[in-house]
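Below is a short briefing on one protein chain. Look over the sequence and the structure before reading the points.

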Amino acid sequence: MSDRMAGSGTAARLLPYLQVAPLALILGVFLVVPILTLVVVSFFDYDSVRIIPDFVWTNYAEVLLSAVTWRTYAKTVWFAALVWAITLFIGFWVAYFLAFHVRSRTVQTALFLLCTIPFWTSNIIRMISWVPFLGRNGLLNQALLGLGAIDRPLEFLLFSDFAVVLAFVHLYTLFMVVPIFNTMMRIDRRLVEAAVDAGANAWQVLTNVIIPLSKPGIAIGSIFVVVLVMGDFITVRLMSGGQSASVGLMIYNQISLLQYPAAAANAVVLLAIVLLMVGAILRVVDIRREL
């Protein structure tokens with residue numbers, strides 16, 4: 001009898017590990033192993049035609065001691081910060097309108113699906129669609145010229161940092177809308193009613209009730225947007241016309257030149273920076289505690 005109870009107790013202790021084993025195996029094979037491989041390769045040497053297994057610090061020295069590389073990282077962080085601020089502003093107010101001003105669930109669903117329509121096509125198609133609109137002879141310039149608002153075409157609209165940021169906002173705003181909207185829908189409406197009954201105006205309700213309770217969604221959306229922008233390279237390449245740089249584009253160029261160890265070193269540094277940024281967001285908002 002005691003042996004049977006001991007066996008059942010052992011099985012009960014092992015059950016959680018058995019349940020988590022498949023996920024741990026998948027994460028180990030498809031996440032941990034590739035990252036470890038990346039770290040190992042980042043210490044290898046290379047020449048114009050081959051990778052040389054060795055242990056050198058040259059790749060990290062080129063990353064950390066190059067002024068050009070530092071400017072590229074600064075430009076990438078600037079893109080991420082600017083896009084984050086714009087998408088947060090747009091995403092918050094879109095989610096707020098859907099959650100608190102649209103009463104009908106049917107209308108809410110319809111408007112939410114309307115927001116997802118751009119995602120029915122690929123990112124490249126959505127980026128290319130801006131070219132005839134923003135070009136020197138594009139629709140926007142022609143409209144402004146026709147209205148007499150400008151006397152010559154605006155040159156900064158396309159193949160510039162403006163075009164890159166605009167494309168990023170277009171591509172990634174929904175990643176901010178969805179988690180914030182999901183969090184706002186879970187806010188108990190009785191809290192809002194209690195604040196109104198206590199004499200709070202609309203602004204006080206927003207700042208003291210809705211925004212604090214929406215912090216988990218804001219944090220999740222911020223992580224999505226920051227991670228996506230920091231690792232993006234195709235948007236910068238297409239929308240800047242080669243006039244802007246990012247870390248992702250730099251890594252892509254190094255891979256194109258078969259400089260795999262240098263690309264791996266840049267990828268490791270970029271991963272460390274992104275993890276620090278995500279860690280900073282999680283320090284501000286404890287998602288696990290607040291969800």
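A salt bridge is a side-chain nitrogen of Lys or Arg within 4 Å of a carboxyl oxygen of Asp or Glu. The model is predicted, so local features need pLDDT of at least 70, side-chain atom pairs count only at pLDDT 80 or more, and totals for chains, interfaces and linings use all residues. Residues are numbered from 1 along each chain as its sequence is written, and side-chain values use heavy atoms, with hydrogens and water left out.

**Salt bridges**

- Side chains of opposite charge can pair when their charged atoms come close.
- Five salt bridges turn up in a search of the whole structure.
- One of them joins the side chains of Arg190 and Asp188, at 2.8 Å from N to O.
- Arg190 is exposed, because its relative accessible area is 60% (exposed means over 50%, buried under 20% and partly exposed in between, with a 1.4 Å probe and protein chains only).
- Asp188 has a relative accessible area of 30%, so Asp188 is partly exposed.
- Asp151 and Arg152 form a salt bridge through their side chains at 4.0 Å, N to O, and both residues are exposed.
- The side chains of Asp161 and Lys75 also meet in a salt bridge, at 3.1 Å from N to O.
- Asp161 belongs to helix 8 and Lys75 to helix 3 (residues 67-100), so this pair ties together parts that are 86 residues apart in sequence.
- Helices here (H or I, at least four residues) and strands (E, at least two) are DSSP runs numbered from the N terminus.
- Asp161 is partly exposed at a relative accessible area of 26%, and Lys75 is partly exposed at 24%.

**Ser160**

- Where is Ser160 found? Ser160 sits in the loop between helix 7 (139-147) and helix 8.
- Ser160 is buried, because its relative accessible area is 13%.
- Its side chain reaches the backbone oxygen of Phe156 at 2.3 Å.
- Apart from neighbours within four places in sequence, Ser160 is in contact (heavy atoms within 4.5 Å) with Met239 and Ser240.

**The largest nonpolar core**

- A nonpolar core is a set of buried Ala, Val, Leu, Ile, Met, Phe, Trp, Tyr and Cys residues joined through side-chain atoms within 4.5 Å.
- The largest such core has 63 residues, and among these Met184 and Ile210 touch the most other members.
- Helix 8 (residues 161-185) gives the most to this core, with twelve residues.

**Phe224**

- Phe224 is part of helix 11 (residues 215-231).
- With a relative accessible area of 40%, Phe224 is partly exposed.
- Phe224 and Phe175 are 49 residues apart along the chain, and their C-alpha atoms are separated by 6.3 Å.

**UniProt annotations**

- UniProt positions follow the numbering used here, feature names are shortened, and annotations may be inferred rather than shown by experiment.
- An unreviewed UniProt entry gives "transmembrane region" for residues 20-44, 76-99, 111-131, 162-181, 218-240 and 260-285.
- Residues 162-181 are 100% helix and 0% strand, with end C-alpha atoms 28 Å apart.
- Residues 218-240 are 91% helix and 0% strand, and their end C-alpha atoms lie 29 Å apart.
- UniProt (unreviewed entry) lists residues 73-281 as "domain: ABC transmembrane type-1".
- In the model, residues 73-281 are 77% helix and 0% strand, and the end C-alpha atoms are 19 Å apart.

Methods. Polar contact = N/O pair within 3.5 Å; in protein donor to acceptor, adjacent residues only side chain to side chain.
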